[in-house]
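Here is a note for a colleague opening this entry for the first time. Please keep the structure in view while going through the points.

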Protein chains: 2
Amino acid sequence: MFNSNELLSKRAQKNAGSFLRQIFPRTREPGVINFAGGLPNPDFFPIEPIIAATERAMRADGRNTLQYGMTEGLPELREWIAVRYEKQGLHIKPEQILITNGSQQGIDLIGRVFLDPGNKMAIEAPGYMSAIQSFAMYEPEFIGVGINEQGIDVEQLKYVLKNNSIKLIETCPSFQNPSGIAYSTSTREAMAKVCSQYNFVVVEDDPYAELRFMGAETKSLRNYLGDQVITLGSFSKIVAPGLRLGWTVASPDVTRRLVLAKQLVDIHTNYFAQRVLYQYLLDNAIDDHINQMRGVYRAQRNAMVDAMAQYFPPETQFTKPEGGMFVWVTLPDEADTMALFNMSMDTEKVAFVPGLPFFADGKSGKNMMRLSYSTANPETIEEGMKRLGRVISRYLDAPSKN
Amino acid sequence: MFNSNELLSKRAQKNAGSFLRQIFPRTREPGVINFAGGLPNPDFFPIEPIIAATERAMRADGRNTLQYGMTEGLPELREWIAVRYEKQGLHIKPEQILITNGSQQGIDLIGRVFLDPGNKMAIEAPGYMSAIQSFAMYEPEFIGVGINEQGIDVEQLKYVLKNNSIKLIETCPSFQNPSGIAYSTSTREAMAKVCSQYNFVVVEDDPYAELRFMGAETKSLRNYLGDQVITLGSFSKIVAPGLRLGWTVASPDVTRRLVLAKQLVDIHTNYFAQRVLYQYLLDNAIDDHINQMRGVYRAQRNAMVDAMAQYFPPETQFTKPEGGMFVWVTLPDEADTMALFNMSMDTEKVAFVPGLPFFADGKSGKNMMRLSYSTANPETIEEGMKRLGRVISRYLDAPSKN
């Protein structure tokens, strides 16, 4: 009698699962060089410091560490985050911060609080795949805004805002996932000038901001747009993703709405992890830790970009990121990177993510792909690019045969 | 220019925050004896064992403990949970289990996967306040089904199912929050007979199931209804809520839908806490731990029920739970426990939760209230009941003057 398929909500029927989930089994085949992931390098996980922090936090206040807590998150951790923004010239109050289960939860909460079915929202094209899928559950109409080497296409954004009533825009201005591009300061200024003329929410999805390893520093969009911005931060890329700790920064009003939404979603974020992380941050030099990561990611990025220049056929284009974890590759228009993915896995065992899922329109990006350099050492990266260069050349020579 | 209130979704506009959130500040006033909470007793939090488990788990596999993980949850922990159900005669496969951020997240995911606006759902009356509020975000039409000392009113349930197309029912069959009532075995059997005739989801919200301290054991609704049931379990009440770890048990198909939903919500539950908890479960005798808790909760329950019999005026009624953390008190029909709450706080400094928020209709339960005995010792409970008895007597003598 019981048939769950007849009972599913419309949104559940639409949720086919992430693209990565579909290609993931192949990337785990033995011998594969995997550039498809977006994982931080586990060499940097502070295993012993986290053990020590757990012991200190639990001995100091185990009863509260293991009890229910406030939906907003651990006050001391919110304070720590607020103070850290001072470095960027931002004065944030702890009550503007909500601790989330990674910044992905921030995206979902924003969708909950601001999107009704049919509302229009803008999103970078290409944009963060999981944001597209997460927002899609709230049934907005997506409008893509292009990205160039300087960041978002401000002229296009201006046009979109002028001709549409937009509820929010999702952006990833620093070392964007998937392209690795950072908005320049002049792009940020120009974007702010346009955005401030309309009443809508600017989401600044900012997990990679601290991972700049070359080029000029930029500032958060909050410096230009204030409370119009909701910034999403994360400890996943600077400490460890297994702790599942991120945060939102927003006006006190918006934060209150996000808190009320979160309370019904899961009451609060893991207090045990919050206290352990807070103790870790007190007892360790996080900036030294981040500096070390920057050095390693720079070497890995250089290995990838240099090897692409050497081994990729001349008709390919690729970004040259100044931070973060990703390089974005564009093949000639007629190429199909999904076909290339299968060919690459079959013949060279190199994995990447085809470009299609990074566009909300479901059709752009077929000739593009995302590669991550975060977890492979420079030698493996060079070997991987050599192989990938070979398979791209073969593919471009005879795409229809493959 | 920026005005977030103009941008809120309909569901955010409806979300006024939990009732507990409104009365919470008063319950924290100095000198208050607080029976309003639903917190487990922190005397049982295994502080040193968790420190030891953290060290072992991190030394054994820190890189995976701190890395991103599978949405489904830690395979070993899912296996442990599945095996534990064997004790109840249930054969559950690990792939039927999804690890959630406490069982509250399970409720939200079920709403996401099964409810479209306007769908009808049944819920116990009184029922779990946070479930009412969480499901309300998916805009169902609630239909209450009464509770008596034997559990859900099966005749009423039969009538509701016959006359409505119900998508799901939310139940808490073991030591229900808020009433403390457990469905008897004959109620479970009769309920199953009725439910199996209709295609809808039975949610068995079961965080207190292991906390029976007297009376005859009962079995999970899954024993009677199989995959028609989604069972929500939790480590919050048997280990510690600060770990924020719960789970769902469902058919493989339904589990897959819940996993796809969760992936877009927060990718996965905290792996650090999952590995630490799993190590704790391996290294410690959890059944001995639970038995100890049962003994203490029994003593606290006895203190509350005995003192209510002694000090409450005869026109009050109260449940006599055989497990869990709550007693439900019913005053004469014309009483208003919100007025009583203010009077009690002002004159006797005793806190409880008024009954109104436990009913989805927004109007029943005005003469009822929930008390928790979980965190106070027997002496404090007796003193609290003495004071509360006094204030109830005064209130019933002259309700309009107060």
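1. A:Lys349 is partly exposed, because its relative accessibility is 31%. The residue sits in the loop between helix 13 (337-347) and strand 12 (350-351) of chain A. Look at its backbone: phi is positive, about 55 degrees, yet A:Lys349 is not a glycine. Bear in mind that this is a predicted model.

2. B:Glu139 is another residue to check. Its phi is near 55 degrees, again a positive value in a residue other than glycine. B:Glu139 is placed in the loop between helix 6 (129-136) and strand 4 (141-148) of chain B. With a relative accessible area of 35%, B:Glu139 is partly exposed.

3. Two cis peptide bonds deserve a look. One joins A:Ala125 and A:Pro126, with omega about 5 degrees. A:Pro126 belongs to the loop between strand 3 (120-125) and helix 6 (129-136) of chain A. Another runs from B:Asn177 to B:Pro178, where omega is near 25 degrees. B:Pro178 is in the loop between strand 6 and helix 8 (185-195) of chain B.

4. Is strand 6 of chain B buried or exposed? Six of the six residues in this strand (residues 166-171) are buried, so the rest of the structure largely encloses it. The strand has parallel partners. Four bridges tie it to strand 3 (residues 120-125) of chain B, with B:Ala122 opposite B:Ile169. Four bridges also join strand 6 of chain B to strand 7 (residues 201-205) of chain B, and this pair is parallel too. There, B:Leu168 has B:Val201 as its bridge partner.

5. Chain B also holds an open sheet of four strands. The order is 10-11-14-13, and the pairing is antiparallel. Strand 10 (317-318) and strand 13 (353-354) each have a single partner strand, so one side of each is left without a neighbour in the sheet. Strand 11 (residues 326-330) and strand 14 (residues 368-372) of chain B pair over five bridges, in the antiparallel sense. B:Thr330 and B:Met368 are bridge partners in this pairing.

6. How do the chains relate? Chain B can be laid on chain A by a turn of 180 degrees and a shift of 0.0 Å along the axis, with an RMSD of 0.0 Å. That is the relation of a two-fold axis. The copies meet through the same surface, because 100% of the interface residues of chain B are also interface residues in chain A.

7. The size of an interface is often given as the accessible area lost when the parts come together. Between chain B and chain A, about 7800 Å² is buried. Carbon and sulfur atoms give 56% of that area. The contact takes 89 residues from chain B and 89 residues from chain A.

8. How many salt bridges are found across the interface of chain B and chain A? The count there is six. A:Arg63 forms a salt bridge with B:Asp43, and the closest N and O atoms are 2.8 Å apart. A:Glu48 forms a salt bridge with B:Arg59, at 2.7 Å between the closest N and O atoms. A:Glu48 lies in helix 3 (residues 47-65) of chain A and B:Arg59 in helix 3 (residues 47-65) of chain B, so this pair joins two chains. A:Glu48 counts as partly exposed at 41% relative accessibility. B:Arg59 is partly exposed as well, with a relative accessible area of 47%.

9. Over all chains, the search finds 36 salt bridges. B:Arg59 also forms one with B:Glu55, with the closest N and O atoms 2.7 Å apart. Both residues lie in helix 3 of chain B, four residues apart, about one turn of the helix. B:Glu55 is partly exposed at 29% relative accessibility. A network of salt bridges with shared partners joins A:Arg84, A:Lys87, A:Glu210 and A:Asp287. In chain B, the side chains of B:Arg26 and B:Glu29 meet in a salt bridge of 3.0 Å, N to O.

10. Last, the nonpolar core. The largest one has 174 residues, and A:Phe235 and B:Phe235 touch the most other members. Setting aside neighbours within four places in sequence, the contacts of B:Phe235 include B:Leu77, B:Trp80, B:Trp247 and B:Leu281.

Notes: Residues are numbered from 1 along each chain as its sequence is written. Chains are lettered from A and ligands numbered from 1 in the order in which they are written. This is a predicted model: local features need pLDDT of at least 70, side-chain atom pairs count only at pLDDT 80 or more; totals for chains, interfaces and linings use all residues. Side-chain values use heavy atoms; hydrogens and water are left out. Two strands pair if DSSP finds at least two bridges between them. Copies are superposed by least squares on the C-alpha atoms of residues with pLDDT of at least 70 in both. Contact means heavy atoms within 4.5 Å. A nonpolar core is a set of buried Ala, Val, Leu, Ile, Met, Phe, Trp, Tyr and Cys residues joined through side-chain atoms within 4.5 Å. Buried means under 20% relative accessible area, exposed over 50%, partly exposed in between (1.4 Å probe, protein chains only). Buried area is the accessible area (1.4 Å probe) that two parts lose on being put together, summed over both. A salt bridge is a side-chain nitrogen of Lys or Arg within 4 Å of a carboxyl oxygen of Asp or Glu.
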